[in-house]
2 protein chains.
Amino acid sequence: MNFLKEAIVESKKAIKINEVPVGAVLVLGNKIVARAHNTKESDNDPTQHAEIKILQSYCKKIKNWRLNGYWLFTTLEPCLMCAGAIIHSRISKVVYCCKNSKYSTAKIIQELSENNNINHTISWEFKEDIGFQTLLLNFFKTKRDK
Amino acid sequence: MNFLKEAIVESKKAIKINEVPVGAVLVLGNKIVARAHNTKESDNDPTQHAEIKILQSYCKKIKNWRLNGYWLFTTLEPCLMCAGAIIHSRISKVVYCCKNSKYSTAKIIQELSENNNINHTISWEFKEDIGFQTLLLNFFKTKRDK
């Protein structure tokens, strides 16, 4: 299964409710165990990004905050908040298909890891998806035009 | 009212349930509108730091994720996750009484701000409280000794 495509499917659910199209899926072994999309505006909650939502709902479900061995696939390079939460949860790997245009969280986290400033190392992989990048740009263009 | 002292009162509630003693209060004008402490272990949720809990509960209550004008007082320099969430919420100022011993989130955020990489600027103030620092060190020492 193409897990990034599944994250993109989630991101399209966000567009339908006029949210920034970010979607994510959490994977263990070769199976999706949780999925979520951004609902910040709908929930009036600045923390309700796809990644935080997945962590909160899934950890509650399994009654464990430690997600060692899990992989997270997300459409957009996680913001500082989400990257921080991912480190806390001990997720093993993050795969994303669109870079943050303003700063690289992956780079900030990597530097902190190399200096032993954080106690969990995550593997970050960027797998470009032009289709999603176009979708994201179009979303913001439409917003600006309105 | 000494708002940092009130944040310390919250942090002591965390110790009572065997959580890392971090407490926070949210202030508007000269009044505490929300308070919270760390419940990560109790809730089996890696995101349940005092700061995230305050944002989630208070924004839900007022049905608005924008907290411009609000100040957050917290015992410990916010982690990356919490600092990211604070930026998203547009809180105006963060005051803390104990520095993160491993890295300075305030410095990372300030650098991003100066390079215009984030679209909200927060004022950070460190007001040392030796009493709280001793309390935190003792908490970890007791943990290690057990």
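B:Lys5 is partly exposed, with a relative accessible area of 42%. On that scale, buried means under 20% relative accessible area, exposed means over 50%, and partly exposed lies in between, using a 1.4 Å probe and protein chains only. B:Lys5 forms a salt bridge with B:Asp129, and the closest N and O atoms are 2.9 Å apart. By salt bridge I mean a side-chain nitrogen of Lys or Arg within 4 Å of a carboxyl oxygen of Asp or Glu. B:Asp129 is buried, at 13% relative accessible area.

Before going on, some ground rules. This is a predicted model, where local features need pLDDT of at least 70 and side-chain atom pairs count only at pLDDT 80 or more, while totals for chains, interfaces and linings use all residues. Residues are numbered from 1 along each chain as its sequence is written, chains are lettered from A and ligands numbered from 1 in the order in which they are written, and side-chain values use heavy atoms, with hydrogens and water left out.

Helices (H or I, at least four residues) and strands (E, at least two) are DSSP runs, numbered from the N terminus.

The whole structure has twelve salt bridges over all chains. Another one joins B:Lys141 and B:Asp145, at 2.9 Å from N to O. Both of these residues lie in helix H6 of chain B, four residues apart, which is about one turn of the helix. B:Lys141 is partly exposed at 43%, and B:Asp145 is exposed at 56%. In chain A, salt bridges that share partners join A:Glu6, A:Glu10, A:Lys13 and A:Arg35 into one network.

One link of that kind is between A:Arg35 and A:Glu10, with the closest N and O atoms 3.5 Å apart. A:Arg35 lies in strand E2 (residues 31-37) and A:Glu10 in helix H1 (residues 3-16) of chain A, so the pair ties together parts that are 25 residues apart in sequence. A:Glu10 is buried at 2%, whereas A:Arg35 is partly exposed at 36%.

Next, the rings. There are twelve aromatic pairs over all chains. Rings of Phe, Tyr and Trp (its six-membered ring) pair if their centres lie within 6.5 Å; planes under 30 degrees apart count as stacked, over 60 as edge-to-face and the rest as tilted. A:Tyr96 and A:Phe126 make a tilted pair, 5.6 Å centre to centre with 35° between the planes. A:Tyr96 is in strand E4 (residues 93-96) and A:Phe126 in strand E5 (residues 123-126) of chain A, so this pair ties together parts 30 residues apart in sequence. A:Tyr96 is buried at 6%, and A:Phe126 is partly exposed at 30%. Ring pairs also link A:Phe3, A:Trp71 and A:Phe73 into a cluster.

A:Gln133 sits in helix H6 (residues 130-145) of chain A and is buried, at 18% relative accessibility. Not counting residues up to four places away in sequence, A:Gln133 touches A:Cys97, A:Cys98, A:Phe126 and A:Glu128; contact means heavy atoms within 4.5 Å. The side chains of A:Gln133 and A:Glu128 make a polar contact at 3.4 Å. A polar contact is a pair of N or O atoms within 3.5 Å; within protein, one must be able to donate a hydrogen and the other to accept it, and residues adjacent in sequence count only if both atoms are side-chain atoms.

A:Thr74, in strand E3 (residues 71-74) of chain A, is buried at 0% relative accessibility. The A:Thr74 side chain reaches the backbone oxygen of A:Gly23 at 3.4 Å. A:Thr74 and A:Cys97 are 23 residues apart in sequence but 7.1 Å apart in space, C-alpha to C-alpha.

Last, the interface. Chain A and chain B each put 32 residues into the contact. Together they bury about 2,700 Å², 65% of it on carbon and sulfur atoms; buried area is the accessible area (1.4 Å probe) that two parts lose on being put together, summed over both. Between the two chains there are seven residue pairs in polar contact, both residues at pLDDT 80 or more, and zero salt bridges. On the side of chain A that touches chain B, H4(A) gives the most, with six residues.
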